[in-house]
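Please read them with the coordinates open beside you.

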Amino acid sequence: MASGGRGGPRPGRPMGGGGRGGAAWVPARARAPSEPPPRSEPAARSPAWLSPPPRPPALRASPPRSDPCGRPGVRSVLRAACPPCGPAAMATKIDKEACRAAYNLVRDDGSAVIWVTFKYDGSTIVPGEQGAEYQDFIQQCTDDIRLFAFVRFTTGDAMSKRSKFALITWIGENVSGLQRAKTGTDKTLVKEVVQNFAKEFVISDRKELEEDFIKSELKKAGGANYDAQTE
């Protein structure tokens, strides 16, 4: 076998006697199992101005919030279309036809009905109770409700007897501040139906609901008082 130089054949070089009429390939020296792998050269780093911008932090979803209607996580866009809590729910309406019929019933001197209430049915004002005795109306005015009432009083003196009408707004002591504020705004809707009255009252104290007090205020509102001449 031909010699490849000093100390034997060189790795990776052909040598004679390796095959038919040709030279055999001597592989490079194999790495021993205990020998660490060769260290690779670190990749060249790009300049800072060539590096991509850092990724923004992921946005964390905020916890769902409950709406007045009790449904959590309703977006504001959907909330506007939600009947219990949307803007449509905040706007008060009035059933004009039904309220006008009750109003005309009290204005009719031949009717036994002398008072009628207008109450809230959700966000709509509708006719409530009615009666022929004023004391029955006072019983309707409790501390936890608000209502409107149209009442006919008969005032008499030595010269004549006539009917006078009053528009009464009752706001109970336990009514919330928000409802109190809305009652003043909603009264304009009632006045679109109840258009003829001598005086209007806003009352929260049951003492001011006394019939004598209301009649005395109505007498002051218009017309001379001839009661002193009854005797």
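**Notes on the predicted model**

1. The surroundings of E4 can be followed through its strand partners. On one count, E4 runs antiparallel to strand E5 (residues 124–131), to which six bridges join it, and within this pairing Asp-121 is placed opposite Thr-124 of E5. The two strands make up a hairpin in which two residues lie between them, and Gly-122 in that turn has a positive phi of about 70°. E4 also pairs with strand E6 (residues 146–156), again in the antiparallel sense, over four bridges, and here Thr-117 is the residue that stands opposite Ala-149 in E6.

2. When neighbours within four places in sequence are set aside, the contacts of Ser-111 are with Leu-105 and Arg-152.

3. As for the overall arrangement, the protein contains six helices and eight strands, and the order of these elements from the N terminus is β-β-α-α-β-α-β-β-α-β-β-α-β-α. The chain has 231 residues, of which 27% count as buried. Among contacts with a separation of 6 or more, 54% are accounted for by residues 24 or more positions apart. The protein exposes about 16300 Å², and carbon and sulfur atoms supply 52% of that area.

4. Turning to charged pairs, how many salt bridges does the model contain? The count comes to seven, and one of them joins Glu-192 to Lys-96, with the closest N and O atoms 3.0 Å apart. Glu-192 belongs to the loop between H5 and strand E8 (199–203), whereas Lys-96 belongs to helix H3 (residues 96–107), so this pair ties together parts that are 96 residues apart in sequence. Both partners fall in the partly exposed class, Glu-192 at 35% relative accessibility and Lys-96 with a relative accessible area of 36%.

5. A further group of charged residues involves helix H5 and strand E8. Lys-187 and Glu-200 form a salt bridge through their side chains, at 2.8 Å from N to O; the pair links distant parts of the chain, with Lys-187 in helix H5 and Glu-200 in strand E8, 13 residues apart. The side chain of Glu-200 also meets that of Lys-191 in a salt bridge of 2.6 Å, N to O. Through these shared partners, Lys-187, Lys-191 and Glu-200 are joined into one network. As to accessibility, Lys-187 counts as buried at 13%, while Glu-200 is partly exposed at 29% and Lys-191 is partly exposed at 31%.

6. Where does Leu-167 lie relative to Lys-191? The two residues are 24 positions apart in sequence, and their C-alpha atoms are 8.9 Å apart in space.

7. Finally, I looked at the cysteines. Across the whole structure the search finds zero disulfides. Cys-99 is buried, with a relative accessible area of 1%, and Cys-141 is likewise buried, with a relative accessible area of 0%.

Methods. Residues are numbered from 1 along each chain as its sequence is written. This is a predicted model: local features need pLDDT of at least 70, side-chain atom pairs count only at pLDDT 80 or more; totals for chains, interfaces and linings use all residues. Side-chain values use heavy atoms; hydrogens and water are left out. Buried means under 20% relative accessible area, exposed over 50%, partly exposed in between (1.4 Å probe, protein chains only). Contact means heavy atoms within 4.5 Å. Accessible areas come from the Shrake-Rupley method with a 1.4 Å probe; for residues, only the protein chains shown count as cover. A salt bridge is a side-chain nitrogen of Lys or Arg within 4 Å of a carboxyl oxygen of Asp or Glu. A disulfide is a pair of cysteine sulfur atoms within 2.5 Å. Two strands pair if DSSP finds at least two bridges between them.
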